[in-house]
Every structure is written in C-alpha cells, then in structure tokens.
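Here is a friendly note to read alongside the structure. Please keep the view open as you go through the points.

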Amino acid sequence: MKIAVCQMPIVQGDREKNRKTAEQMLTEAAKCGANVIALPEMWTSGYDFQNLSLHEESLNGETALFLSAQAKKFGVWLIGGSHPVRYPDGVRNTSLTFDPNGTLQNTYSKIHLIGLMNEDKYLVPGDHFDVFSLGGESAAVEICYDVRFTELSRSYALMGAKILFIPAEFPVQREDHWVTLLRARAIENQMYVVGINAVGKNDNDTFKGKSMIIDPWGQTLAVGCDSREILTADVDLSNVSEIRQMIPVFKDRKPEYYKIDK
Ligand SMILES: O=C(O)CCC(=O)C(=O)O
C-alpha cells in the first residue's frame, strides 16, 4: 500500500482557494502512484469559527461530493481530512473516507474538542467511533487533539485497527507533543500511524507541518518539512502481526487491574 499525505496550506475562511489547493495536491499525490491519500483537519475553512455558518455543510454536501469524485477519478482510497458537518445536535468536525469507487466507507466526528482553541464553543463532539475495512485491512481515523487521549487509539487497536490516520491542524508551538504523541501511539498500539498536519496561519496559531508516517516499531517512514509537501511511504501491514507476536503487548495486558473511569 502506498500512502500519500497532503501537507496542505490552509487559508482560513477561503474555501475556494483551499478547494483548489486540495485538488492540485490530490492530483500530484495520485501521480506519485499512491493508492491511499490523506488530507488534513478542517481543510475547507481552517478554524474559521466566527464564520462557521458559511462553512458548515450537510453530510452529503459539496465537500463530500468533491471527495467522492476525487477518490473515483484517481481510483484511490481518500481519507478526506475533516470539515464542519451539520448534525441535528450541532456542527461536528467530521472526517469522511471514500473508497476507489467514490463510496463513503467511514464517518468519524472528533470526540475530544480542544477548549484551548475554542473549538468546544462552536462545535459539538462526535459520539461514536469504529474501525473500517481499507481494502481488507482494518483502519481507523481520529482527529488532532484526539491523539492525546490514548484510550481512543487503544480502543481502535483492540477493535483490530492496523493503521490509524490522524488529520490535524496542530500548532507549531507544541510540535514536540505532536511528534512524541504520534510515535507513542504507534509503539504502544503496534500499528501504523499517519499524522496529516496542515501548514499556514490562522488568527491565533501557526502550523508548520511535520506530518509523519510511522511504522508499528516506531520508525519514521516519512516526515514533512514546514511547508506545502506531499509525503509518501510504502507500508506493509503484515508487519503489524509480526511485531504483535514478537512483543505480545495485547496478550500481556492486565485489564483486570486497570482503573478505567466510566
Ligand atoms: O492538542 C493540541 O495541542 C493541539 C490540538 C489541535 O490543534 C486540534 O485539535 O485542532
């Protein structure tokens, strides 16, 4: 499986520009021979919460149609980053994944909203998560701040995920956290982790990429610079079972001793 990460410059509030950039980058990524392509968090508008009403869409709105058409056009799996989607209880930060026929295969809405960036004032959290079959292999999506909550990634691993995609707009001042958390999630869960960060600025923060593709041993297969870039890596998901056999973390867990709050 060849994965391409679109480390995309996002212009806050400029949907047209962002759409053009995404289209160009998806075309470039497909030319690299990727069969799985991923976009960053909130790539349509950035964190333009003041104007959320201009950016929110329905679940089958224009961004969903665009992503579906692009997946089909290039015959690739498309992890569609995320964008604001209207639900009956409010707007969620939602990621859609399409298969190479352009059919929606996974929907995930960010569960942990980041108060530090006012996300919780404007959006409502998702309330469920699940793995999906990416060409027969179990895969999962979480979004940005979710990476700090080890329980979510571990739950995905326990549900069988071998690869975890994490679209993000992670600010540069906490870049060390981003890099460390991505690697930790890969090592502790013995799975591939693909972190797709943005570049650019909004009213409060600067984003400087450092997207990463990390293998289940914690090795970096690809790492982004601080500007627009397409990163690629060939991944072999059979490594996951090999590493899980070599260090049988899942077999050696002692859930009977863990204090899990409910
Ligand atoms: O966890 C962090 O420090 C940043 C998270 C973030 O930028 C986000 O969730 O959009």
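**Notes on a predicted model**

1. Let's start in the sheet: strand β9 (residues 163-167) and β10 run parallel and are joined by five bridges. Helices (H or I, at least four residues) and strands (E, at least two) are DSSP runs, numbered from the N terminus, and two strands pair if DSSP finds at least two bridges between them. Within this pairing, Leu 164 stands opposite Val 193 in β10.

2. Residues are numbered from 1 along each chain as its sequence is written.

3. Is β10 (residues 192-196) mostly covered or mostly open? Five of its five residues are buried, where buried stands for 20 or more other C-beta atoms within 10 Å of a residue's own, exposed for 12 or fewer, and partly exposed for anything in between, with C-beta atoms placed from the backbone. In a regular strand the side chains alternate between the two faces of the sheet. On one side of β10 are Tyr 192, Val 194 and Ile 196, and on the other Val 193 and Gly 195.

4. Helix α6 includes Asp 176, which is exposed because 9 other C-beta atoms lie within 10 Å. Asp 176 is 34 residues from Lys 210 in sequence, and their C-alpha atoms are 9.9 Å apart in space.

5. Two backbone angles deserve a look. Most residues other than glycine have a negative phi. Gln 190, in the loop between α6 and β10, has a positive phi near 50°, and Gln 190 is buried, with 24 other C-beta atoms within 10 Å. Cys 144, in the loop between β8 (137-141) and α5 (150-158), has a positive phi of about 40°. Cys 144 counts as buried because 28 other C-beta atoms lie within 10 Å.

Conventions: This is a predicted model: local features need pLDDT of at least 70, side-chain atom pairs count only at pLDDT 80 or more; totals for chains, interfaces and linings use all residues.
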